[in-house]
Amino acid sequence: MPDPAESVEAMRDGLEAVGYLAAESTALVSFLAAKLGKPVLVEGPAGVGKTELAKALARATSRKLIRLQCYEGLDEAKALYEWNYRKQLLRIQAGAGAGETGDEGWSGVHDDIFAQEFLLERPLMQAIASPEPVVLLIDEIDKTDQEFEAMLLEVLSDFQISIPELGVMEARSRPLVLLTSNNSRELTEALKRRCLYLWLDYPEVERELEIVRLHAPELAETVARKLVEVVHMVRGLDLKKPPSIAESIDWARALLMLGADDIDSSVFQRTMSIIVKHRTDLDVVAERVGVKLDDGVLGRLGTTG
Ligand SMILES: Nc1ncnc2c1ncn2[C@@H]1O[C@H](COP(=O)(O)OP(=O)(O)OP(=O)(O)O)[C@@H](O)[C@H]1O
Ligand SMILES: [Mg+2]
């Protein structure tokens, strides 16, 4: 297999070979990120393949994936490093037992307990300390606060971490960094400036059909096509939460298990909660799409094209 970092086409093929069907823009940005060593900020609605892109990039480039899952209140101790207090305490107790008391003894113990072996490396540090380059996924960065973002900026621009007790720790290799966001808050300009940007959206019918067929290959093509067309139609309604690719895949797998060979209004009514997950959305969809399936409008759509 050619090196995915060789060209945009090689990147697209590399991603496809590991089960990720990338749009042109996705392949392009991934290629540039690998070439330029710049982080990528991936934004888009839920379930369109943001997290999966990082996983696929790791598989395609044969790199280890290190993931930092962000959440409200995430701090440096959980993202960067913290001291292993328990181990430090044991060391101090052992020192006291061995008669390491007094100023001299204590300074020896102090030097000891702030050495690398007492450090608990968290994902950002692991990514930088790894001798082999890794893929670093900083997932759902929008869940953290701006303070955390500022700290991250430092790491991402200098690829080094300064530890007061130990000094500066330089990166041993440069990770390929992907940050994902669901847009729950606007990220700072400073962060955006340092990143390449990729907007992932719901794919067009043909690509989504390919993705669904990749994940549920046993489902008949006519059913898969109708499924994707129905999903696209549902997305066109004004819903609280439109169905994502993840839900299309789940629906395909469910239809397969139920042995459905068509999506008529009865199959749709029974299974639509797989793609629509809000009480009010269910009402809208049942009324608007159910009727169309009875009219055979989508039935005809499903067998054409
Ligand atoms: N281009 C693609 N090729 C193959 N599979 C895909 C593609 N896009 C999405 N998928 C599949 O869709 C599902 C959802 O993707 P993923 O979890 O990456 O979404 P997400 O954008 O990270 O969602 P969220 O914002 O909820 O975290 C996964 O099972 C993934 O395999
Ligand atoms: Mg995700």
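**View 1. Salt bridges across the chain.** The count comes to 18 salt bridges in this predicted model, a salt bridge being a side-chain nitrogen of Lys or Arg within 4 Å of a carboxyl oxygen of Asp or Glu. As the model is predicted, local features need pLDDT of at least 70 and side-chain atom pairs count only at pLDDT 80 or more, while totals for chains, interfaces and linings use all residues. Residues are numbered from 1 along each chain as its sequence is written, chains are lettered from A and ligands numbered from 1 in the order in which they are written, and side-chain values use heavy atoms, leaving out hydrogens and water.

**View 2. Arg67 meets Asp139.** Here the two side chains form a salt bridge at 2.9 Å, N to O. The pair links distant parts of the chain, with Arg67 in strand β2 and Asp139 in strand β5, 72 residues apart. (Helices, H or I of at least four residues, and strands, E of at least two, are DSSP runs numbered from the N terminus.) Asp139 is buried, with a relative accessible area of 1%, whereas Arg67 is partly exposed at 37%; buried means under 20% relative accessible area, exposed over 50%, and partly exposed in between (1.4 Å probe, protein chains only).

**View 3. Lys226 meets Asp262.** This salt bridge spans 3.0 Å, N to O. It joins Lys226 in helix α11 (residues 221-236) to Asp262 in the loop between α12 (245-258) and α13 (265-271), 36 residues apart. Lys226 is buried, with a relative accessible area of 7%, and Asp262 is partly exposed at 33%.

**View 4. The open sheet.** Look for 5 strands in the order β2-β5-β8-β1-β9, with parallel pairing; two strands pair if DSSP finds at least two bridges between them. The edge strands, β2 (65-69) and β9 (196-199), each pair on one side only. Within the sheet, 4 bridges join β1 (residues 40-43) to β8 (residues 176-181), and Glu43 stands opposite Ser181 in β8.

**View 5. The β6-β7 hairpin.** Strands β6 and β7 form a hairpin with 3 residues between them. They run antiparallel, and 4 bridges join β6 to β7 (residues 167-170). Ser162 stands opposite Val168 in β7.
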